[in-house]
Amino acid sequence: MAASPLFTYSLLAAVAALIVLVHLLKPRPQQVRVSSTLLWASVARHQKRRDRLWRWWLSLALCLAVGLAIGLALTQPGAPGGMAGSRMVIVLDNAPSMATRTLDGKTRWTHAVEQARALIEASRSQVLLVDTMGAAPVSGFVERAQALAILEGLRVVTHGVPQIPALPGDVGVELVSDGVAQIEIPQRARVHSVFEPADNVAVTALEVRPFPTDPLRYEAFVQVFNASPGRKHTRLTLRGAAGFSLSQELDLAPGELVDASFDVSRFAGGVLAAGALTQNDAFALDDLAFAIVPEHRARQVVLVTRGNLRLEDCLRSLAGVRLHTIAPPQYREDMAADAYVFDGFAPQQAPAVGALLFHPPAVSWLPPSAREVAATAVADWDHAHSLTDGVAWHDLRIRHATLRTADHPVVSAVDGALIVTGRARAQWVAVGFAPQESNLALQTGFPVFVGNALGWLNEAEPPAARGVGTVHVSLSNAIVIDGTGARIASRNTPDGSVFDAAHPDVYTVHAGARQLKVVANLADPRLADINHSRFADRAASVTPHSSAMGSPAELWTILLLIGVAFLLLEWVAYTRRITV
């Protein structure tokens, strides 16, 4: 970056004024005694004034060319004795597309760092180094060594909105970018393009959900995007544990977005990975996407009752439920069950799996009862709780119920809680009345409520979907493990923990007894579109030290050579009496 325009113009004006002033000065005439003036008079008659005038103008022009060329050279960075106090701003684009691999095996980011390093090393200016993703430390204008240290610490950032921060208005800007990020480029910026077309086929969406008619069957929906300049043959694969694998061959036109679906019911559950395999793919961050398939086998439910046909029929009508009915004396703690339904009964010890209890007696692991009431109705319910979905609670009439005290009841009457939830060894739902003691068993919402309760009892904490990059979770002192079992560094924050998801994966976050799955994907067609560059028609820049007459470090040399050439021309003209 050259010196400021004001300084340059001032210096050149001063040089030009000095040269003109020197040429306007006339030496004091010397008096010489001669024997006769006849010879001098004859010379004066043959010498025309205008001949002397054009020689004076030629001499002035040559001197101005010499002075201005040398003065302009000295204002360029890198020139001996040049402006060490001038300043330079370098903006590095470190948006996700900069991780694209180029034909030489490097990445656009590697080329950008090389360009920025060459700019810094070739200049004697102070440097303000900033990036488009806000990862560079706030340093202001620094010397070359410190700017190089900051440069070495920068990396491609995969999350956030790229933008150029506010820059000083009195200096020029050097922007090193591939032109993909939608940033507003200052008009005074000089662009160094590192764009090079590259192939990329991305998995831009992966979703797993049950079939609407059969909750025990699951379907995976995958979206694939061809961001390459040409057609690509791609193999789309789905893989899971225990050797589960499905694949599909795709031929994709440039810019084509394809939706594919797979029946993954044979997969018992767990982490499912979708991958797009294609030749010469240059952007690895979007080749994989992950999802978690819930366990979808039939649940073994044990009904403990002295006889309740309506409740038994309700349980048998639920999809995905395998029912086993026993009497209270037959109950044992070691029974094979995914959930219990206790009708008018509760064991002395809390079961190891979830339990739905209808009008249970008093036991130590349940809240104590507050009072017995007759002929009551629902006064309020928690509309946000999954237990209350699909039930007309305002139509419920109860002949007899046991009310309990709870801070957060799910369903309540005027005098207390009718339905409460809690956790002992496992989660439980306690209903303060029997189905036959109300009109609930006659409503269409009865099987809905029982199905909601069984789903809530067996529901693990749902996985959190995040993007690749910095991930925040609301668990303090968390231990984070990636898909390979390696521990990932995490940091505590006032409201949880933060860790860096460097690539798509399923991360497991442990905090005490809690466990949270975090699914991190770079699933966005806009990020995958690595060839959508405003510099697509511009050749990629080479590093400044290898360009031919393109960098400021060479410009001062060229200007100095021009000045020397004019100086030699002036010397030849003077010695031949052409100039004065």
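A: His-296 sits in the loop between β11 (288–293) and β12 (299–304). Strands here are DSSP runs of E with at least two residues, helices are runs of H or I with at least four, and both are numbered from the N terminus. The model is predicted, so local features need pLDDT of at least 70 and side-chain atom pairs count only at pLDDT 80 or more, while totals for chains, interfaces and linings use all residues. Residues are numbered from 1 along each chain as its sequence is written, and side-chain values use heavy atoms, with hydrogens and water left out.

Is His-296 buried or exposed? His-296 counts as buried because its relative accessibility is 8%. The cut-offs are under 20% relative accessible area for buried, over 50% for exposed, and partly exposed in between (1.4 Å probe, protein chains only). A polar atom of the His-296 side chain lies 2.5 Å from the backbone oxygen of Phe-267.

Which residues surround His-296? Leaving aside residues up to four places away in sequence, His-296 touches Pro-215, Leu-216, Tyr-218, Val-264, Ser-265, Phe-267, Ala-268 and Gly-269. Contact means heavy atoms within 4.5 Å.

Strand β5 (residues 201–211) pairs with strand β6 (residues 214–226) in the antiparallel sense, over 10 bridges. Two strands pair if DSSP finds at least two bridges between them. β5 and β6 form a hairpin, with two residues between them. Leu-206 faces Val-222 in β6 as its opposite residue. β6 also runs antiparallel to strand β9 (residues 257–263), joined by seven bridges. There, Val-224 stands opposite Val-258 in β9.

Leu-238 is another residue to look at. It belongs to strand β7 (residues 232–239). Leu-238 is buried, since its relative accessible area is 0%. Its contacts, not counting residues up to four places away in sequence, are Ala-220, Val-222, Phe-244, Ser-245, Leu-246, Phe-262, Val-264, Leu-272, Ala-273 and Ala-274. Leu-238 and Leu-272 are 34 residues apart in sequence, yet their C-alpha atoms are 6.8 Å apart in space.

Now follow the chain into β12. β12 pairs with strand β13 (residues 321–326) in the parallel sense, over six bridges. Val-304 stands opposite Ile-326 in β13. From β12 the chain passes through helix α6 (residues 309–316) to β13, a right-handed β-α-β crossover. Right-handed means that, with the strands pointing away from the viewer, the path from the first strand over the helix to the second runs clockwise.

The nonpolar cores come next. In soluble globular proteins, nonpolar side chains tend to be buried together. A nonpolar core is a set of buried Ala, Val, Leu, Ile, Met, Phe, Trp, Tyr and Cys residues joined through side-chain atoms within 4.5 Å. The largest nonpolar core has 38 residues, and Leu-418, Val-450 and Leu-454 touch the most other members. Helix α7 (residues 445–457) gives the most to this core, with seven residues. Leu-454 touches Arg-299, Val-301, Leu-315, Leu-318, Val-321, Ala-339 and Val-341, again not counting residues up to four places away in sequence. Apart from this core lies another, of 25 residues, including Val-208, Ala-220, Leu-250 and Leu-272.

Thr-421 is partly exposed, because its relative accessible area is 27%. Among the residues Thr-421 touches are His-385, Leu-387 and Trp-456. Pro-409 is 12 residues away along the chain, with 7.4 Å between the two C-alpha atoms.

Elsewhere there is helix α4. The buried residues of α4 include Trp-109, Val-113 and Leu-119. The buried residues of α4 pack against β1 (87–92), β2 (126–131), α5 (144–153), β3 (173–177) and β4 (189–193).

An open sheet of five strands has the order β22-β29-β28-β24-β25, with mixed pairing. Its edge strands, β22 (464–467) and β25 (487–488), each pair on one side only. Within the sheet, three bridges join strand β24 (residues 479–481) to strand β28 (residues 505–511), and these run antiparallel. Ile-481 has Thr-508 in β28 as its bridge partner.

Finally, the whole chain. The protein chain has nine helices and 29 strands. Of its 580 residues, 45% are buried.

Terms used:
A polar contact is a pair of N or O atoms within 3.5 Å; within protein, one must be able to donate a hydrogen and the other to accept it, and residues adjacent in sequence count only if both atoms are side-chain atoms.
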